[in-house]
Amino acid sequence: YFNDKQTSGALFVVNPDGSHETQITFPASNELDYTQNWSPDGSQLAFERVTFTPESETHEIWVVNVDGSNPHRLVPCPGDDVCTAALLPSWSPDGQWIAFSRGTGPVTNHQPADVSIWAIHPDGTGLRQITHPTGFQRSEDFDPQWSPDGTRIVFERRLARRDWKPAIFTADSTDGSDVERVSPKGPLAGESPDWSPDGRWIIYRTDEAPGSELSHDELIMFL
């Protein structure tokens, strides 16, 4: 971040030993680049660019080469009913798809009608919806991650009936079918999920659950 309000920031790469820090994106002073994700071959990064204005902010998906060349908008999202926000990109293991969270209208009481997981090819073609809402303004899906074999995604789902507390689910990566809840019903939250390299485990962060043995902000794993 370039300021205390965290409304301006860029992407950097650095060697594992901390040497040769290099800036690779150069957003405007009212823009923030973050939630980056590597392509499988390491040649590109997908990331979220937030543009702040006095009236609003927009969230769009961008791609840049690892040397900083060819930064370009992959998913335009003007903040209207067609796309309220595009967030949290994740590259598929075969490099053919980028999944992300996308909100669509109509917006009612400052809330989009649908926030689901979508996917698009890195060349900007093939936009498709993966997960589907449980009802109008009844669920919101965020933070997708692909299984190592690419057949499923894990994601965070916030449900209105749970006061929008997040839980972790998986679904078929093609059409969003076969939805399964991963996190138990006890913890108050489940965020930032990801798969183990062998696909046997899913790790995520959870808040403290009263009456349980989980401690505050603990990382837990489930098969």
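Cys83 is buried in this predicted model, with a relative accessible area of 1%; here buried stands for under 20% relative accessible area, exposed for over 50%, and partly exposed for values in between, with a 1.4 Å probe and protein chains only. A disulfide joins Cys77 to Cys83, with an S to S distance of 2.0 Å. The link of Cys77 and Cys83 is left-handed, with -100° about the S-S bond. A search of the whole structure finds one disulfide, the term being used for a pair of cysteine sulfur atoms within 2.5 Å.

The backbone also has some features to look at. A cis peptide bond, with omega about 10°, joins Gly105 and Pro106. Pro106 is placed in the loop between strand S8 (98-104) and strand S9 (114-120). Strands (E, at least two residues) and helices (H or I, at least four) are DSSP runs, numbered from the N terminus. The loop between S8 and S9 also holds His110, a residue other than glycine with a positive phi, near 65°. His110 is exposed, with a relative accessible area of 81%.

A positive phi, near 50°, is found for Thr35 as well, again in a residue other than glycine. Thr35 lies in strand S3 (residues 31-38) and is partly exposed, at a relative accessible area of 21%.

Residues are numbered from 1 along each chain as its sequence is written, and side-chain values use heavy atoms, with hydrogens and water left out. As the model is predicted, local features need pLDDT of at least 70 and side-chain atom pairs count only at pLDDT 80 or more, while totals for chains, interfaces and linings use all residues.
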